[in-house]
Amino acid sequence: MKDTKIKEPLFSAKNRKLLTAPLNKDNPITVQVLGICSALAVTAKLEPAIVMAVSVTVVVAFSNLVVSLLRNTIPPRIRIIVQLVVIAALVIVVDQILKAYVYNVSKQLSVFVGLIITNCIVMGRLEAFAMSHKPWESFLDGIGNGLGYGLILVVVAVFRELFGSGTLFGYHIIPQSFYDAGYANNGFFILPPMALILVGLIIWFQRSKNADLVDKS
Amino acid sequence: MKSLRNYLDKIKPQFQKGGKYEKLHSTFDAFETFLFVPPHTTHVGSHIRDAIDMKRTMSIVVIALIPALLFGIWNVGHQHFLSHAMDVGFWDKVGFGALKVLPIVVVSYVVGLSIEFAFAQYRGHEVNEGFLVSGMLIPLVLPPDIPLWMVAVATAFAVIIGKEVFGGTGMNILNPALTARAFLFFAYPAFMSGDKVWIAEKADTFSGATPLADAAIATGGSVEFSHSLSDMFWGFIPGSIGETSVVAILIGAVILLVTGVGSWRIMLSVILGTTVAGLLVNLVGSNAYTNVPFYYHFLMGGFAFGTVFMATDPVTAAQTNRGKWWFGFFIGVLVVIVRIFNPAYPEGVMLAILLMNVFAPLIDHYVVESNIKRRLKRAKANTKLQTKVGAV
């Protein structure tokens with residue numbers, strides 16, 4: 001009997017979809033509208049945005065994995081507390097690693113690393129996915145959602161750093177001749193409202209490409 | 001006129017369904033209705049008792065803006081030659097001012113209208129005429145030395161983000177002209193604030209502080225204004241192109257009020273709000289700025305321009321009559337608060353109006369709710385009375 005059950009390959013079509021769907025049609029920021037707060041706060045420059053994206057990916061993936069392993073033993077009434085303990089432990093680990101290896105970026109990110117604990121994406125994926133799926137699938141879902149979050153962060157950060165400071169990763173991209181001709185950096189891009197507008201424009205663009213995402217009303 | 005009409009009638013079929021230029025239908029429509037009163041205005045028996053359409057309304061606002069524009073053109077030249085201590089004739093000043101101001105007007109109109117037309121074609125809507133006014137308002141609230149490409153960027157931002165994403169004219173939450181100004185204010189603060197930008201090509205040796213700057217930097221017991229009260233009233237002061245002359249703006253206000261296009265409730269309540277807040281601040285009088293008599297607030301900066309042309313925008317202001325009083329009153333109060341208590345923003349009119357634009361729907365909501373409640377109460381009292389009468 002045991003041999004008749006076909007083992008699902010690690011990267012079956014269904015599992016691959018877990019990875020790719022959050023990049024577009026199930027994006028945590030533009031479709032699920034989670035994690036907006038940190039997306040506004042850390043995207044003024046590209047470098048912290050990437051570090052933040054990686055941190056969130058790691059936290060979501062591993063908290064998904066751990067909670068999925070524990071899912072049958074967690075009493076439903078205290079599940080939120082158990083989830084928070086798992087997330088908080090992981091965030092502290094990530095925070096310590098950032099402080100040890102990329103101290104400057106860690107200082108720029110300041111409280112927002114700690115606030116990953118309250119990032120809606122992490123809790124959202126735990127509640128919506130990890131509590132009801134197997135560990136490997138949950139892990140992939142975590143990676144996928146982390147990457148989907150990171151994708152938006154990077155796109156927004158590229159625009160904001162390029163137009164707000166004229167740089168990317170701190171290197172000057174816009175040539176000096178532009179400034180001599182009267183060009184000026186757009187200070188509005190440095191301010192959080194512009195991040196909100198950029199996310200809005202991305203949502204606009206995405207929905208005009210995917211008609212099935214548009215609300216029917 | 002007749003030949004123009006005939007020409008339009010001749011080419012009209014090409015723009016209608018099945019015609020060669022069917023796609024450009026709304027462009028044709030925009031020009032036709034701009035040149036001639038369209039046949040579909042109201043004549044009798046409708047709930048809208050008016051024989052004019054939006055294009056006529058907007059044209060009146062543009063006419064009301066002309067005094068401020070003309071004075072602005074002269075004053076840009078006047079301030080420039082004053083700063084260089086040159087005594088030149090009237091036409092030299094006008095010529096210099098026109099060279100500064102007209103390009104800004106052209107850029108604002110070309111960029112804004114191209115985007116409006118593009119959106120109208122794409123969505124298959126009619127071209128809306130709201131931008132005829134916005135396109136004139138934008139140059140008038142900018143400093144004369146603003147680079148033209150910034151005007152273009154700000155106009156594009158205001159039309160796309162401020163208006164089109166909400167569904168175009170009539171659907172916007174924020175006043176488009178002020179959105180453009182706010183965008184520039186936060187994006188390029190070096191070009192929108194400070195003591196250099198308010199006089200075109202200012203001589204370095206000339207101080208040229210605006211009354212608002214005088215008030216903001218004042219220390220000690222009272223503010224030393226570098227301009228007399230009458231200069232502020234007539235508008236012989238540096239500032240944004242169209243905002244300096246209270247007289248020119250008052251002429252516009254009279255046009256708006258006589259034709260009924262602008263709301264007198266809003267204008268009056270803004271003035272009331274500033275008066276009340278100004279008097280309160282005078283009572284406290286803790287530093288130089290708080291000792292400035294309240295009527296100075298009417299003459300400094302963009303107060304007059306904002307009150308007459310920005311706060312009364314029919315789309316973004318409160319819609320109910322009672323709501324208009326609150327809307328205007330809070331703008332007036334906020335102007336004083338921002339000017340005096342926020343050192344980062346010497347001018348509060350723009351931010352006050354934008355903030356109240358956001359609150360306008362809420363104000364309307366509560367006015368409508370309270371009206372419903374009052375009428376329900378009355379209805380209940382009546383039925384009670386009737387049942388009593390019936391029982392007897």
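The model is predicted, so to speak with care: local features need pLDDT of at least 70 and side-chain atom pairs count only at pLDDT 80 or more, while totals for chains, interfaces and linings use all residues. Residues are numbered from 1 along each chain as its sequence is written, chains are lettered from A and ligands numbered from 1 in the order in which they are written, and side-chain values use heavy atoms, with hydrogens and water left out.

Let me begin with chain B as a whole. Chain B contains 16 helices and zero strands; helices (H or I, at least four residues) and strands (E, at least two) are DSSP runs, numbered from the N terminus. Its C-alpha trace spans about 75 × 75 × 35 Å along the principal axes. Of the 392 residues in chain B, 52% are buried, where buried means under 20% relative accessible area, exposed over 50%, and partly exposed in between (1.4 Å probe, protein chains only). The domain assignment gives domain 1 (2-35), domain 2 (54-204) and domain 3 (219-392); such bounds come from an automatic or database domain assignment. The centres of domain 1 and domain 3 of chain B, taken over C-alpha atoms, are separated by 43 Å.

What lies in the interior? The largest nonpolar core has 144 residues, and L184(B), F305(B), F309(B), F327(B) and I331(B) have the most contacts inside it. A nonpolar core is a set of buried Ala, Val, Leu, Ile, Met, Phe, Trp, Tyr and Cys residues joined through side-chain atoms within 4.5 Å. Helix α3 (residues 54-83) of chain B gives the largest share of this core, 13 residues. Domain 2 and domain 3 of chain B both contribute residues, so the core lies between them. Apart from it lies another core, of five residues, including L8(B) and F28(B).

Next, helix α6 (residues 148-160) of chain B. Contact means heavy atoms within 4.5 Å.

How do the two chains meet? Here 12 residues of chain A are in contact with 12 residues of chain B. The chains bury about 880 Å² between them, 77% of it on carbon and sulfur atoms; buried area is the accessible area (1.4 Å probe) that two parts lose on being put together, summed over both. N186(A), F188(A) and W204(A) supply 45% of the area that chain A buries against chain B.

Finally, salt bridges, each a side-chain nitrogen of Lys or Arg within 4 Å of a carboxyl oxygen of Asp or Glu. In one of them, E116(B) meets K163(B) at 2.8 Å, N to O. E116(B) lies in helix α4 and K163(B) in the loop between α6 and α7 of chain B, so the pair ties together parts 47 residues apart in sequence. Both E116(B) and K163(B) are buried. In another, D9(B) pairs with R5(B), with the closest N and O atoms 2.9 Å apart. These two residues both lie in helix α1 (residues 2-15) of chain B, four residues apart.
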